[in-house]
Amino acid sequence: MLFSMTIFQEYTKKQKWEVYGAMRKIRIIKKNDEYSLEYEIGDICEVIGTWYGGVHISGKSGVPVSLDKDEYVELDTEPEAPEENVIERDIRVGDIVQHFKREWVSADTSEYLYKVLAFAQHTETGERLVIYQGLYAPFKTCARPYEMFMSEVDREKYPDIKQYYRFEKVKV
C-alpha cells in the first residue's frame with residue numbers, strides 16, 4: 001500500500017503542476033466529515049485535483065481526500081503580475097490626462113481628454129490595466145494595459161507629435 005501511495009502522490013504532484021502551473025492552496029473553513037482525522041478546520045492544504053463539487057487534497061496521512069466547495073476557501077488566487085518594463089509616472093486616480101491626438105483638435109473641445117478612474121489587474125493574466133473615461137460624448141469608459149497607457153508616442157508612426165507620452169497629465 002505504501003508503494004502505490006507514493007506513486008499516486010508523485011503522479012498527483014506532477015498532474016497539479018501541469019494543470020495549474022503552480023500549486024493552489026486552500027484553507028479549511030468547515031468540516032463535513034466530523035469523523036475524519038485527515039484534516040481540521042484552519043488547515044492550509046495544497047490542491048492536487050478538482051472535481052465538479054470541489055477539490056482533492058492529500059490528507060495528513062497522505063490519503064487523497066475530496067472536499068466539498070463549502071468546506072474551504074482558496075488562498076492566493078490572484079495571478080502574479082507579469083514583469084513590466086514601465087517607468088512609474090505621476091498619474092493617479094482622479095487625474096485628468098490628454099491623449100497625444102489632442103494636438104490634432106481645437107483646444108476649445110474636450111476631445112481626447114480623459115479622467116483616470118482606477119488601476120486594475122486582469123483576473124486571468126495579472127496584467128495591470130488603467131481604467132479611464134472620456135470627458136466628451138459618449139463618455140465611454142475604457143481599459144488599456146498599463147504599459148501601453150504609460151508608453152511613449154511611437155515617433156516612427158507619429159513623427160510630428162510634440163507630446164512625449166501617449167497620455168500625459170493635463171497641467172491646470
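This is a predicted model: local features need pLDDT of at least 70, side-chain atom pairs count only at pLDDT 80 or more; totals for chains, interfaces and linings use all residues.
A disulfide is a covalent bond between the sulfur atoms of two cysteines. A search of the whole structure returned zero disulfides. The cysteines include Cys 45, which is buried at a relative accessible area of 10%. Cys 142, by contrast, is partly exposed, with a value of 21%; the limit for a buried residue is under 20% relative accessible area.

Aromatic contacts were examined next. A pair of aromatic rings is described by the distance of the centres and the angle of the planes. The count of aromatic pairs came to 12. One of these pairs joins Tyr 112 and Tyr 136, whose ring centres lie 6.4 Å apart. The planes of these two rings meet at 50°, and the pair is therefore classed as tilted. Tyr 112 is located in the loop between strand 6 (96-99) and strand 7 (113-121), whereas Tyr 136 belongs to the loop between strand 8 (128-134) and strand 9 (141-145). The pair therefore ties together parts that are 24 residues apart in sequence. Tyr 112 is partly exposed, with a relative accessibility of 22%, and Tyr 136 is likewise partly exposed, at 23%. Both tyrosines belong to one aromatic cluster, in which Tyr 114, Tyr 132, Phe 149 and Phe 167 also take part.

Charged side chains were also found over aromatic rings. Lys 31 lies over the face of Tyr 39, at 5.5 Å from the ring centre. The charged end of Arg 89 is placed over the ring of Tyr 165, at 3.7 Å from the centre of that ring.

Notes. Residues are numbered from 1 along each chain as its sequence is written. Side-chain values use heavy atoms; hydrogens and water are left out. A disulfide is a pair of cysteine sulfur atoms within 2.5 Å. Buried means under 20% relative accessible area, exposed over 50%, partly exposed in between (1.4 Å probe, protein chains only). Rings of Phe, Tyr and Trp (its six-membered ring) pair if their centres lie within 6.5 Å; planes under 30 degrees apart count as stacked, over 60 as edge-to-face and the rest as tilted. Helices (H or I, at least four residues) and strands (E, at least two) are DSSP runs, numbered from the N terminus. A charge sits over a ring if NZ of Lys or CZ of Arg is within 6 Å of the ring centre and within 35 degrees of the ring normal.
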